[in-house]
Amino acid sequence: MTAQTAPTSDDSGTPQNTPRLAAAVVLAAGEGTRMRSTTPKLLHTIGGRSLLGHVLTATRELDARRTAVVVRHQAERVAEHARAIAEGVLVVEQDELPGTGAAVRSALSVLDAAAHADRAAHGVPLGQEGQVLGAGLEGPVLVVAGDLPLLDSGTLGELVASHVADGNAVTVLTTVVADPTGYGRVVREDGTGDVLRIVEHRDASPEELAVAEINTSVYVFDAGVLRAGLARITQHNAQGELYLTDVVALAREDGGQVRAILSEDAHAVEGVNDRVQLAALGRILNARILEDWMRAGVTIVDPATTWIDVDVDLAPDVTILPGTQLHGATVVSTGATIGPDTTLTDVEVGEGAVVSRTHASLSVIGAGANVGPFAYLRPGSVLGEKGKIGTFVETKNVRIGAGSKVPHLSYVGDATIGEGTNIGAASIFVNYDGVHKHHTTIGSHARTGADNLFVAPVTVGDGAYTGAGSVIRQDVPAGALGVSAGAQRNIEGWVERRRPGTAAAQAAAAARGEGSEPTGNDDSSDDAVVPATEPATLTGAMPALGAQALRELAKHADAADQPRPTSPHSEALDDTLTIRTARTEGTDR
């Protein structure tokens, strides 16, 4: 029988009508020394979830009455993590005795006490007054190692169903591997195929070491059989530990039926002992995730460079380009394109959005929006429908309205931008005064100039403009033009007076017809200077341009010939600048 598949199952993969477990026990007490890490082994992650998290997710879908997690090494850290990811879990600390048998015995004592408390809380049935409450837990008990990240609820559900249907005392999940070194060997009875015993590698005979079928550390026990066996196991073995596997042989000796379910998918029951195995199982898990999404209608151009966590949700007709990583609870809606070279963590992406070469976390990207390339969306960034966050733009804690754009080279933090607004290139939202963060508000349909600084707290009203190079420290009313730049002054002859003998001075003199062309021997620069008598003239042979390039250049040339737009504001500004220039003419400072 193959444990990986079940003929009848719901969408989660759990077989329908699976008998309910009395309890699930997850073993999470090991130190994991081969990981060589200060982080407990079971807290290492693949696919966006800890090793312990993968196992608890699989057991949760079986709906056990209680789940116990046994901890020991760095008990507080593991316990805190277990409680955070599995509501209502019982955390049990293993006593000083070593071994899996000791771990399960600690868990069973707590589960028995909880069962007694439940019976007492519900009252004693009529006619049973004065009787003892019983031994404790009753029914099937699942025991599973906490380092099996590819183990799924379908496999566990079939194991439980087989255990109950056959009336087994113990049911063991096994698999066959090419190199069983280090694993416990499953010894079966000739003829029936029932399990006689499980022998740990160090205690195995040469004949037993030749067996390729191994124990996966996943079992279902009858609670009474488990309790009786744990009371009788000893530490008389090569490692001086209490082996849970000894309960299997004791159950057989007592006349109980012990059977095994063979998993044909060895990876589903493969454990993690070091970082090499962690990486290998991570690759296998990712490949399975990608295959599932591609079969569900998602285009993944290059699976070899694409990584998607287990909790990511993708709609049909999403396209994932090479070099993309989708982490956490990221959700991508239909028609969106992500990548290339993009990392999204806990990001919501709307329909038809395009996100290219972007790093984003805890952000929302609206439908039809465009982000990147080389954008950085920090937590709290919300981009409205058909909005744009462009090249080399960083955002944080900002709401950008529908159709608004921050196209180039800007930082926008702690701000609200209305609809249909354009933020000029090289704009900085100055939100921090060294002690507190402050908020900037830009209204709808505003146009801000290039190289602006918005010193928060400040508000720019609806439909307002700001001039290029402005430092906006005061509110700009709706429809107003905010300008803070001073008048430009041209100081004639400055280069020849202050930088005589340089290539720049020679070029300036030559341009006025007062000297020879520059020689290029300018000690102030390592760059050669191209002589030119007309600033707009390019020298040297130029490569031939294709028809498409010529059409684009023609468009730009036509746009450059258009007259400059004028308004009462711009005319008044020109008059002011002319007066200021006249007052300062001839000054050299």
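1. Helices (H or I, at least four residues) and strands (E, at least two) are DSSP runs, numbered from the N terminus. By that count, the chain has 12 helices and 37 strands. The model is predicted: local features need pLDDT of at least 70, side-chain atom pairs count only at pLDDT 80 or more, and totals for chains, interfaces and linings use all residues. Residues are numbered from 1 along each chain as its sequence is written, and side-chain values use heavy atoms, with hydrogens and water left out.

2. Overall figures. Of the 589 residues in the chain, 40% are buried. Buried means under 20% relative accessible area, exposed over 50%, and partly exposed in between (1.4 Å probe, protein chains only). The chain exposes about 30,000 Å², and carbon and sulfur atoms supply 52% of that area. Accessible areas come from the Shrake-Rupley method with a 1.4 Å probe; for residues, only the protein chains shown count as cover. A contact means heavy atoms within 4.5 Å. Among contacts between residues at least 6 apart in sequence, 42% join residues at least 24 apart.

3. Cores. The largest nonpolar core has 85 residues. Such a core is a set of buried Ala, Val, Leu, Ile, Met, Phe, Trp, Tyr and Cys residues joined through side-chain atoms within 4.5 Å. Leu142, Val218, Ile308, Val349 and Ile365 have the most contacts inside the largest core. Helix 8 (residues 275–295) gives the most to this core, with six residues. A second, separate core holds 37 residues, including Ala29, Ala169, Ile198 and Phe221.

4. Leu142. Residues up to four places away in sequence aside, Leu142 touches several others, among them Leu21, Ala23, Ala24, Val25 and Thr59. Its contacts also include Leu156, Leu159, Val218, Tyr219 and Val220.

5. Annotated site. An unreviewed UniProt entry lists Asp147 and Asn273 under "binding site". UniProt positions are given in the numbering used here, feature names are shortened, and annotations may be inferred rather than shown by experiment. The two residues are spread over 127 residues of sequence but cluster in space, with a largest C-alpha distance of 8.2 Å. The lining of the largest pocket includes both Asp147 and Asn273. The search uses a 1 Å grid over the protein atoms alone; a pocket is an open set of points where a 1.4 Å probe fits, with protein on both sides within 12 Å along at least five of seven lines, and lining residues have an atom within 4 Å of a point.

6. Asp147. This residue sits in the loop between strand 6 (140–145) and helix 4 (153–166). Its relative accessible area is 12%, so Asp147 is buried. Not counting residues up to four places away in sequence, Asp147 touches Lys41, Leu42, Leu51, Val55, Glu270, Gly271, Val272 and Asn273.

7. Helix 7 (residues 245–253). Its buried residues are Thr245, Val247, Val248, Leu250 and Ala251. Their cover includes strand 7 (170–176), strand 9 (195–199), strand 10 (213–222), helix 6 (223–230) and strand 11 (258–263). Gly255 follows helix 7 and has a positive phi, near 90°.

8. Arg49. This residue is in strand 3 (residues 49–50). Arg49 counts as buried because its relative accessibility is 18%. Neighbours within four places in sequence aside, Arg49 contacts His44, His54, Thr57, Val310 and Asp311.

9. Parallel strands. Strand 22 (residues 358–361) runs parallel to strand 19 (residues 343–345), with three bridges between them. Two strands pair if DSSP finds at least two bridges between them. Thr345 has Ser361 of strand 22 as its bridge partner. Three bridges also join strand 22 to strand 25 (residues 375–377), again in parallel. There, His359 is bridged to Tyr376 of strand 25.

10. Cis peptides. Pro340 is in the loop between strand 18 (337–338) and strand 19. Another joins Ala456 and Pro457, with omega about 0°. Pro457 lies in the loop between strand 33 (453–455) and strand 34 (458–460). Its relative accessible area is 55%, so Pro457 is exposed. Leaving aside neighbours within four places in sequence, Pro457 contacts His438 and His439.

11. Ala426 has a phi of about 60°. Ala426 is in the loop between strand 29 (422–423) and strand 30 (428–430). Asp451 also has a positive phi of about 60°. Asp451 lies in the loop between strand 32 (447–448) and strand 33. Asp451 is partly exposed, at 48% relative accessibility.
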